[in-house]
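Thanks for coming, everyone. I'll take the packing first and the pockets after that. Please have the model open.

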Amino acid sequence: MEFLNKTVLITGGASGMGLLAGKCFAKEGANIVLADINAEGLDAAVAAVREITENVIGQVTDATKYEQVVACRDAAVEKFGSIDVLIPCAGGAEARILGLKGRFFEQPISAIEFSIHMNLMSVLYFEHAVMQQMVKQKDGVIIHMGSITGAEGSAGNIGYATAKSALMTGTVKSLAQAGAPYGIRACCIAPGPVMTRPGMAGMKTLLGYAAEPQEIVDMMLFLASEKGRSVTGTTFLMDGGRNVMRNKE
């Protein structure tokens with residue numbers, strides 16, 4: 001029970017990696033706060049985690065609206081008294097989400113704005129709000145999600161690539177510097193293809209396979225635990241060697 005009496009706040013918690021992380025941290029004794037814009041999906045996710053622990057709440061939150069982010073933080077603290085681990089998982093590539101085709105200059109600028117707000121600003125909003133609580137506690141761990149796309153770039157998802165690149169470098173290093181005097185650590189996990197959906201299986205890796213979601217969550221568990229107590233300001237590229245391949249397509 002590594003995280004007994006610890007509270008973990010996860011965005012994008014209604015499905016995918018966020019929900020899996022909620023279940024895994026719950027199994028280790030944590031209090032779980034799931035945040036998501038999808039109210040129906042969030043209810044189902046909370047019910048699933050409640051099969052593991054009664055110490056779970058869901059908060060419907062548009063992560064691109066700072067006032068809603070603050071309300072989510074306050075609800076977590078009111079219920080459990082602290083936020084010990086923050087994992088912003090919400091996000092995605094704009095071309096897939098919006099059904100776009102073509103390269104950057106062929107897409108409407110609104111799509112780029114949408115992606116930056118969803119993939120970067122929403123993360124900064126949560127980190128800004130939750131760090132205020134962590135400073136009071138003089139303790140906390142922030143683990144946000146990068147992507148191999150942040151290292152490779154993407155002609156059709158430049159908003160996503162830009163956001164993930166920022167999270168993997170300037171953001172994680174700056175958070176670590178800002179948080180260190182208060183006992184707050186910041187890390188970033190940057191997956192390559194992960195089997196959260198079938199399309200990922202077609203992306204090549206040096207090892208010849210896409211990662212399982214559990215592998216990524218296991219890294220979250222390690223970094224958030226005392227085993228990772230000396231890790232901060234660092235991005236971990238979990239891409240199966242894709243970034244060092246010569247021929248990726």
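Start at Val8. Leaving aside residues up to four places away in sequence, Val8 touches Phe25, Ala30, Asn31, Ile32, Val33, Val85 and Ile87. Keep in mind that this is a predicted model.

Now widen the view. Val8 sits in the largest nonpolar core, which has 36 residues. Val8 is among those with the most contacts inside this core, along with Phe25, Ile32, Leu34, Ile87, Ile189 and Met220. Which elements give two or more residues to this core? On the strand side, they are β1 (7–11), β2, β4 (85–88), β5 (140–145) and β6 (184–191). On the helix side, they are α1, α2 (39–50) and α8 (213–224). The top contributor is α8, with seven residues.

There is also a second, separate core. That one has 26 residues, including Phe126, Met131, Met134 and Val172.

Next, helix α3. It runs over residues 66–80, 15 residues in total. From first C-alpha to last, α3 reaches 21 Å, close to the 21 Å expected at 1.5 Å a residue. Which residues of α3 are buried? Val69, Val70, Cys72, Arg73, Ala75, Ala76 and Phe80. Note the arginine in that list. The cover over these buried residues includes β1, β2, β3 (56–60) and α5. Just after the helix comes Gly81, with a positive phi of about 90°.

Where does the lining come from? At least two residues each come from α1 (16–27), β2 (31–36), α4 (94–98), α5 (109–137), α6 (148–152) and α7 (158–179). The largest share is from α5, with five residues. By type, the lining divides into 20 nonpolar, 22 polar and eight charged residues.

Two elements link these topics.

Last stop, the second largest pocket. About 250 Å³ of space lies there. Of its 14 lining residues, the closest to the centre are Asp139, Val141, Arg185, Ala224 and Glu226. How does this lining divide by type? Four residues are nonpolar, three are polar and seven are charged.

That's the tour. I'm happy to take questions.

Technical notes
Residues numbered from 1 in each chain as written. Predicted model: local features only at pLDDT ≥ 70, side-chain atom pairs only at ≥ 80, totals over all residues. Heavy atoms only, no water. Helix = DSSP H or I, 4+ residues; strand = E, 2+ residues; numbered from the N terminus. Nonpolar A, V, L, I, M, F, W, Y, C, P; charged D, E, K, R; others polar. 1 Å grid on protein atoms, 1.4 Å probe; cavity = no way out; pocket = protein on both sides within 12 Å on 5 of 7 lines; lining within 4 Å. Points joined across faces, edges and corners; volume = space filled by probe spheres on them. Core = buried A, V, L, I, M, F, W, Y, C linked by side-chain atoms within 4.5 Å. Buried < 20%, exposed > 50% of the residue type's maximum accessible area, 1.4 Å probe, protein only. Contact = heavy atoms within 4.5 Å. Expected span 1.5 Å × (residues − 1).
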